[in-house]
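This report covers a sheet, the helices packed on it, and a set of charged pairs. The structure comes next, and the notes follow.

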Amino acid sequence: MNGITILGAGGYNPSFAMTNEMLTEFIDTSDEWISSRTGIKTRLMSPDKANYQMAAEAAKAALKSAGKTAEEIDFIIVSTCSPDFYYPNMACLVQKQIGATGCPCIDINTACTGFINALDIARNYLATGDYKTILIVSSERLSSHVDYNDRGSCILFGDGAGAVVVEKGEDKPYYSILGAEGDMFEALYCKANYKPNFPKFDGNEVFNELIDTPEKECYLQMDGKAVYKFAVDAMANAVDKVLQKSGLTIDDIDLVVPHQANIRIIQSALKKMKVADEKVFTNLENHGNTSSACIPVGLSELMESGRLKRGMKICLVGFGAGLTYGACIFEY
Ligand code: ACO
């Protein structure tokens with residue numbers, strides 16, 4: 001089987017740290033409430049860099065870590081649900097910022113599951129042999145979507161970017177499970193600011209509803225309880241299914257890197273998966289939920305600290321708006 005080899009990883013951490021104490025200055029909440037319900041103490045926010053600039057910083061760090069130049073990259077995939085532009089896509093903007101030329105550039109959006117989907121796309125392109133060295137960047141500036149009057153959601157999210165450089169891993173295992181439940185989209189969404197500059201016509205209710213979207217719905221809308229319930233089951237089931245597909249057991253896995261949404265979601269899912277706490281990476285306490293950036297930022301921190309060793313079997317698992325979910329197992 002041909003899997004992937006992660007040659008290098010890099011992250012970008014925004015400059016501003018919004019603590020739980022700071023949030024109490026403008027919403028009715030407390031450090032105790034947020035810490036005990038979510039595990040988050042601080043979320044990083046980017047007041048000075050656009051999303052594509054954060055993405056480019058993470059990409060440069062990943063290239064450096066991989067010992068590759070921008071010219072050696074022959075495909076760029078960006079996952080984001082918070083782009084700065086409708087078009088061009090973020091991957092084209094990253095390509096320009098890092099000085100890569102000519103390679104295809106695509107964006108994908110499966111919200112917080114984005115990195116797992118992007119890795120899967122890269123793995124398939126690498127397996128065909130059409131491309132040799134792929135840059136994946138997951139970058140999010142959710143502070144631009146969050147309603148800071150909504151104490152039920154604004155406490156969770158932060159900004160950040162993570163990137164990896166991948167090539168084919170000859171004879172390395174790679175298994176994945178991906179899925180989506182579009183009928184649950186209303187549990188977590190953010191509508192586009194959709195204002196056509198032509199007169200409104202009668203006839204299509206859906207279309208007119210989009211035009212009349214209340215301003216509030218152009219910020220992130222979340223049914224926290226519904227997402228919570230979905231997330232615990234979706235993560236545990238995805239890991240179970242990907243283990244079955246691989247023929248491995250949870251004891252064969254050296255490290256689980258889950259989406260960093262909420263420590264209670266991670267703990268409840270892990271209990272169902274019967275995975276030991278020490279095999280699970282978390283960093284949400286200091287980053288908050290940075291959507292699709294969580295996992296590659298985690299991988300870059302794990303690489304930098306020397307915790308990742310060649311030959312380790314890694315399991316990534318996540319969920320997000322859609323609602324989407326995914327898990328993969330690969331050898332580092
Ligand atoms: N501070 C104090 N009180 C609060 C706060 C707050 N920040 N937020 C809500 N409350 C109150 C509510 O008003 C409610 O009060 P009431 O009982 O008087 O009405 C009470 O606390 C309980 O509110 P719930 O919403 O039921 O709280 P819950 O225990 O469900 O926790 C939370 C909320 C933390 C958001 C949880 O539901 C959660 O983590 N859900 C998952 C969300 C998630 O992971 N989203 C990211 C998805 S990934 C992506 O794609 C972006």
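## Charged pairs and the sheet

Glu 72 is partly exposed, because its relative accessible area is 37%. The model is predicted. Glu 72 forms a salt bridge with Lys 68, and the closest N and O atoms are 3.9 Å apart. Lys 68 is buried, at a relative accessible area of 17%.

Lys 68 has another partner. The side chains of Glu 167 and Lys 68 meet in a salt bridge at 3.1 Å, N to O. Glu 167 lies in strand 7, while Lys 68 sits in the loop between helix 3 and strand 4, so the pair ties together parts that are 99 residues apart in sequence. Both Glu 167 and Lys 68 are buried.

Asp 233 and Lys 272 also pair through their side chains, at 2.7 Å, N to O. Asp 233 is partly exposed, with a relative accessible area of 30%. Lys 272 counts as partly exposed at 47%. Salt bridges with shared partners join Lys 68, Glu 72, Lys 132 and Glu 167 into one network. Across the whole structure, a search finds eight salt bridges.

| Glu 72 | Lys 68 | 3.9 Å |

In which order do its five strands run? The order is 1-7-6-4-5, in an open sheet with mixed pairing. Strand 1 (3–12) and strand 5 (105–108) stand at the edges with a single partner strand each, so one side of each has no neighbour in the sheet. The twist averages 20 degrees from one strand to the next.

Strand 4 (residues 75–79) and strand 6 (residues 134–141) run parallel and are joined by five bridges. Within this pairing, Ile 76 stands opposite Leu 135 in strand 6.

Two helices come next. Helix 3 (residues 51–66) lies across strand 1, strand 6 and strand 7 (159–169). Helix 3 runs at about 125 degrees to strand 1. Helix 10 (residues 294–304) also packs on the sheet, touching strand 1, strand 6 and strand 7. The direction of helix 10 makes about 90 degrees with that of strand 1.

Gln 95 lies in helix 4 (residues 90–98). Is Gln 95 buried or exposed? Gln 95 is buried, because its relative accessible area of 14% falls under the 20% cut-off. Leaving aside neighbours within four places in sequence, Gln 95 is in contact with Ile 76, Ala 100, Thr 101, Gly 102, Cys 103 and Cys 105.

Last comes the surface. Which residues form a nonpolar patch there? Tyr 194, Val 206 and Leu 210 do, with about 250 Å² of accessible area together. Leu 210 is placed in helix 6 (residues 205–211). Leu 210 counts as partly exposed, at 32% relative accessibility.

How values were computed. Residues numbered from 1 in each chain as written. Predicted model: local features only at pLDDT ≥ 70, side-chain atom pairs only at ≥ 80, totals over all residues. Heavy atoms only, no water. Pairing = 2+ DSSP bridges. Helix = DSSP H or I, 4+ residues; strand = E, 2+ residues; numbered from the N terminus. Axes fitted to C-alpha atoms, helices over the stretch in contact; angles between N-to-C directions. Contact = heavy atoms within 4.5 Å. Patch = residues over 30% accessible without salt bridge, like charges linked within 9 Å, V, L, I, M, F, W, Y side chains within 5 Å. Areas by Shrake-Rupley, 256 points an atom, 1.4 Å probe, with all protein chains shown as cover. Salt bridge = Lys/Arg side-chain N within 4 Å of Asp/Glu carboxyl O. Buried < 20%, exposed > 50% of the residue type's maximum accessible area, 1.4 Å probe, protein only.
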